[in-house]
Amino acid sequence: NPVTIRCEPFNQTKTAKLLGVYIDNHISFNEQVSSVIEKSHSAVHGLLTLKRHSVINYLFVQFYCARNLPILTYATSSWLNYTTNYSRNALEWHQTLCLRIIYPTIRSYSERCEIANVLAVKHHFTQICSFYAIKVINNKVILQSNLNCI
């Protein structure tokens, strides 16, 4: 049976985009991860363009942090825990690719992260989620203290 809203048929879909985050019918967020990686490919192209123009590494890292990281981490506190290890590894691999473009002679991913002063994606996500949890807890405490004053 088709779903109707105000007597209008409503098409059912397997995914929906809400506030820039893809939610699928299995709540796996695979579509979100695919979308994030696809969007950040344009930033990879930007890194390659900067590389062709012999931009210094410091500016590469600034570009990466300003352009790629916001794409990779947008709203992660709402969807990251529902993703598979494969999806999280895909996001990590994407950062590995970007840092390999910036520092092609350095072999180790952890060394590249250290030199760029960038956290590994999994640690970056953990930090974002922790900040969000602390913010929620602090807002709850403020709200409760305001209610006690009434």
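The questions below take up some labels for this predicted model.

Q: Why is Q95 called buried?
A: Buried means under 20% relative accessible area. Q95 has a relative accessible area of 0%. That value is under the cut-off, so Q95 counts as buried.

Q: Where is Q95, and which residues does Q95 touch?
A: Q95 sits in helix α4. Leaving out residues up to four places away in sequence, Q95 touches Y64, L69, Y109, C113, V118, L119, A120 and V121.

Q: How far apart are the C-alpha atoms of Q95 and S130?
A: They are separated by 21 Å. Along the chain, Q95 and S130 are 35 residues apart.

Q: What makes α1 and α2 roughly antiparallel?
A: Their axes cross at roughly 170 degrees and come within 9 Å. Angles over 145 degrees count as roughly antiparallel. The crossing angle passes that cut-off, so α1 is roughly antiparallel to α2.

Q: Which residues of α1 and α2 meet?
A: From α1 come V36, K39, S40, S42, A43, V44, G46, L47, L50 and K51. From α2 come F60, F63, Y64, R67, N68, I71 and L72. By class, this contact has ten nonpolar, four polar and three charged residues.

Q: How do you know that β3 and β4 pair?
A: Two strands pair if DSSP finds at least two bridges between them. Strand β3, residues 15-18, and strand β4, residues 21-24, have four bridges. Four meets the cut-off, so the strands pair. Their sense is antiparallel.

Q: Which residues stand opposite K17 and L18?
A: K17 stands opposite Y22 in β4. L18 stands opposite V21 in β4.

Q: What is the phi of L19 in this hairpin?
A: L19 takes a positive phi near 55 degrees. The hairpin has two residues between its strands.

Q: Which members of the largest nonpolar core touch the most other members?
A: They are L47, Y64, W79, L91 and I102, out of 32 residues in this core. The elements that give two or more residues to the core are α1, α2, α4, α5 and α6. Helix α4 gives the most, with seven residues.

Q: What makes W79 a neighbour of V21 and L91?
A: Contact means heavy atoms within 4.5 Å. W79 touches V21, F29, Q32, V33, V36, L72, Y74 and L91, not counting residues up to four places away in sequence.

Conventions
Residues are numbered from 1 along each chain as its sequence is written. This is a predicted model: local features need pLDDT of at least 70, side-chain atom pairs count only at pLDDT 80 or more; totals for chains, interfaces and linings use all residues. Side-chain values use heavy atoms; hydrogens and water are left out. A nonpolar core is a set of buried Ala, Val, Leu, Ile, Met, Phe, Trp, Tyr and Cys residues joined through side-chain atoms within 4.5 Å. Buried means under 20% relative accessible area, exposed over 50%, partly exposed in between (1.4 Å probe, protein chains only). Axes are lines fitted to C-alpha atoms, for helices over the stretch in contact, and angles run from 0 to 180 degrees between N-to-C directions. Angles under 35 degrees count as roughly parallel, over 145 as roughly antiparallel, 65 to 115 as roughly perpendicular and the rest as oblique. Ala, Val, Leu, Ile, Met, Phe, Trp, Tyr, Cys and Pro count as nonpolar, Asp, Glu, Lys and Arg as charged, and the others, Gly among them, as polar.
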